[in-house]
Structures are given as structure tokens and as C-alpha cells.
Amino acid sequence: MTATRVLVLNSGSSSVKYQLLDMRDARRLARGLVERIGEQTSRLEHTCLTSGDTRERRGPIADHDAALKAVAEELGRDGLGLDSPELAAVGHRVVHGGMFFTEPTVVDDEVLTEIERLIPVAPLHNPANLTGIRTAQAMRPDLPQVAVFDTAFHTTMPEAAARYAIDPKIADRHRIRRYGFHGTSHAYVSRETARLLGKDPAEVNVIVLHLGNGASASAVEKGRCVDTSMGLTPLEGLVMGTRSGDLDPAVIFHLARVGGMSMNEIDTLLNKRSGLFGLCGDNDMREIRRRIDEGDAEAELAFDIYIHRLRKYIGAYYAVLGKVDAVAFTAGVGENAAPVRQAAIAGLDGLGLVVDPDLNAVRGGGPRLISPASARVAVAVVPTDEELEIATQTYALVGKNN
């Protein structure tokens, strides 16, 4: 029996998201989420997509080992268990691969060691990713475990874009450079945008706007990333749900010296209590738009700051690329918030960017153009699919190795 299935795992600090796909036709067989791991109120929601059956478990799940065993049990109930000979590999999302990992990689001891060495630049993510890999290894030691890195797509950035203007000896010693994140999404969406235009990715330049609670932009030239908004960490760049994005570094010194705040307090402020949430107390764009419609000035200012930063990056990446074939919106806000897309493009007709209000108002569906046919530059909405991208890269690597 040919092994064509890939289990995709996205292990967070207190959660595990998963999907099982059959790569013969990229069909999803099952998906689910385990959340609040380590708490008494843990919850697992599992959906078998072949039958449409959805099940839920509630009650304490002590750790990631217990979480993955629970996932395996649910898959087994649907005849899709981890012991299946049809399972070819497990693909793991790993947030930070530094410059060491430029492509998907079969996990061995050396790979685990390097991911661990990168924990200082990804303290919230890499430890959880490692836990997921090690747990899956213990459950199926005979099965290839493949790490797919958020940073890999951005390793093609030229040094002029990747370097910060600090002493290179200090930067190299402490691995300080711009790595970028959301790489699987930017890779998938830039490629799908080219397909939407009926062209090969190597023929088009695309600005990708991944707008979710975390948000990032990228400049993709002929299929290769040449710049991206996130940097050493996911804090840099666009205004996000709870992250500040770009900030004068001296603000940190000022908060420490004048505000008397500790480094941990500043870290929490900038990563968890800033962005839209810090500006108006909400990080849900739907709620912010509702408040704006009711005349809430605080929400309106938060929205305006968000859009101002977004437009700056569109303009900057237009300059980086020189020629732009398309701007693509993706992720939760990018795919669903028509007012964000309208405001981000408004007034950029001099750059050839125009949005058709009727096309922009359409909700749902697959990849689609929201610019008029006469526009010089296409504006698109392209739903992201990071799980499919991880599964595709994993299966391609395992097949190649075999």
C-alpha cells in the first residue's frame, strides 16, 4: 500500500492544531484543535472530514504527550490512526529556523539541537514546536518527521534587506538579523496569485499582505522573497492585533529609564498589550468596525493608524520591486475585512492600484480579483492554506528522499 497521507502538526505553548491530508489529491481527511493544554479546562475538537462527524472532549489534558495521544485516539476512531501504513510522514510547523534552515528538513538529532539553539530568538514558539516533534517521534519513531520553517521562504532576502545597521560582529555573534515569519503563507499566496493571473510565479512580482492577529507583508520578486516586514522576531513591521509593529528603539530605553518598567514588563506591553488592542481595547477587526459605525473615535483612530502603516508598506515594497503585478490580501482580516482592503488601496490609483467596490464586497470563495479589469496592477484576495503548504513541502521531501 502506498503511503500518501501527511499529518500536519502546529504545536503552540498550550495548544496543538492538526490536519490529516491525502496528498494524492490534497484532500483533507481530518482536522482538529487541542487547546488549554495543562489546564483543568482542556478541550479537544476533532472533525472527520470524510464523514462530517465532529466530536469534542473536555477535561484536563496534562501535556503535549497526552494531547497527541488524544489526537491519535480520535484519528483511530475514524480509521485514520497514526499506525496506518498509509501515513507517509508528519509535517511540523517550526517558527524559527534562522539561517541554518532554508528548506523543509527531515528531523534528526542535529536538527533538534539547532532548533533548540534558536530558542533565544523565538522563546514563545520554538520550545513548543520542539515538544510537538519529540512527542510525535516517540509515538512513531519509524516515521519521518519533517520540520517546515516559517523563516525559510525569507532566506532569499539580499543582505541589504536582511541586515540591521549595527556592528556586524555583534550582530553575527548574537544572530541578529531580519528573518521574517509567516513564510509558508507568503510562499503559498504568492504562488496562488501567479496562478490566478494565469502566469508562472517566476514571471510575476507580488506584494503579499498577510493580515491576521499577527500581520506581515512581503515583497516577492519572481517567486523569491526580497523583503518582508517582520524581523528578528514577529514584533517588527505592521500594526497587529496585540503587537506594536515598528517602533523607535529608544521608546524601550525611555520606558525603562523614565517609566521605571522592567524588560519583562516592556516585552509584555509591546507583544501582548499594544497594536489594535493597546490603541482601543479590541483586537478583533469586526468589533473595531462595529464601534466605528457607532461613532467611536478611539476605534476610528486605531483603524487609521493600522491602515496608515499598511499603506506605507505597500508603497515601500512597490519601490523595492520597481514593477508590481499584483497585491494580494490574505489571512483572517485580509480575506474577510472589505473596509481594510478598500482603505489600504484608496488613493493609490497613481500606482495603478484600484479596488472595485462591488467585487471587494463579495465574501468568501476562493482566490479572486477585486480590481477592475482595466487596472494596471491586479488586487486580489487569496485565501491562505499554510497546512496544505506544509503538507506539500513535507510530502515532496519524503518522496524525494525515498
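A cavity is a set of grid points where a 1.4 Å probe fits but cannot get out. In this predicted model, the structure holds two such spaces of 30 Å³ or more. The largest cavity comes out at about 70 Å³ in volume. Its lining is made up of Leu-7, Leu-9, Leu-68, Leu-82, Val-90, Ala-136, Met-139, Arg-140, Leu-143 and Gln-145. Two elements give two or more residues each to that lining, namely strand E1 (5-11) and helix H3 (126-139). Sorted by class, the lining has eight nonpolar residues, with one polar and one charged residue making up the rest.

The second largest cavity has a volume of about 40 Å³. Around this one sit Met-99, His-154, Thr-155, Met-157, Ala-162, Arg-177, Arg-178 and Tyr-179. Here the split by class is four nonpolar, two polar and two charged residues.

One of these lining residues, His-154, deserves a look of its own. His-154 is found in the loop between strand E8 (145-149) and helix H4 (159-162). Is His-154 buried or exposed? With a relative accessibility of 2%, His-154 counts as buried, because the cut-off for buried is under 20%. The side chain of His-154 also reaches the backbone oxygen of Phe-181, at 2.8 Å. Leaving aside neighbours within four places in sequence, the contacts of His-154 include Tyr-179, Gly-180, Phe-181, His-182 and Gly-183. His-186, Ser-218, Cys-225 and Thr-228 are also among the residues in contact with His-154.

Strand E12 (residues 326-330) is next. How many of the five residues of E12 are buried? The count is five of five, so the strand is mostly covered, with buried meaning under 20% relative accessible area. In a regular strand the side chains alternate between the two faces of the sheet. In E12, Ala-326, Ala-328 and Thr-330 lie on one side, while Val-327 and Phe-329 lie on the other, and both faces are covered.

Strand E12 also has partners. Strand E9 (residues 205-211) runs parallel to E12, and five bridges join the two. Within this pairing, Val-208 has Ala-328 of E12 as its bridge partner. E12 pairs in the parallel sense with strand E14 (residues 378-381) too, over four bridges. There, the bridge partner of Ala-328 is Ala-380 in E14.

The last stop is Val-16, which belongs to strand E2 (residues 15-22). Val-16 has a relative accessibility of 1%, and therefore counts as buried. Which residues does Val-16 touch, not counting those up to four places away in sequence? They are Leu-9, Asn-10, Ser-11, Gly-32, Leu-33, Val-34, Ile-37, His-64 and Leu-68. Val-16 and Val-95 are 79 residues apart along the chain, and their C-alpha atoms are separated by 14 Å.

Notes: Residues numbered from 1 in each chain as written. Predicted model: local features only at pLDDT ≥ 70, side-chain atom pairs only at ≥ 80, totals over all residues. Heavy atoms only, no water. 1 Å grid on protein atoms, 1.4 Å probe; cavity = no way out; pocket = protein on both sides within 12 Å on 5 of 7 lines; lining within 4 Å. Points joined across faces, edges and corners; volume = space filled by probe spheres on them. Nonpolar A, V, L, I, M, F, W, Y, C, P; charged D, E, K, R; others polar. Buried < 20%, exposed > 50% of the residue type's maximum accessible area, 1.4 Å probe, protein only. Polar contact = N/O pair within 3.5 Å; in protein donor to acceptor, adjacent residues only side chain to side chain. Contact = heavy atoms within 4.5 Å. Pairing = 2+ DSSP bridges.
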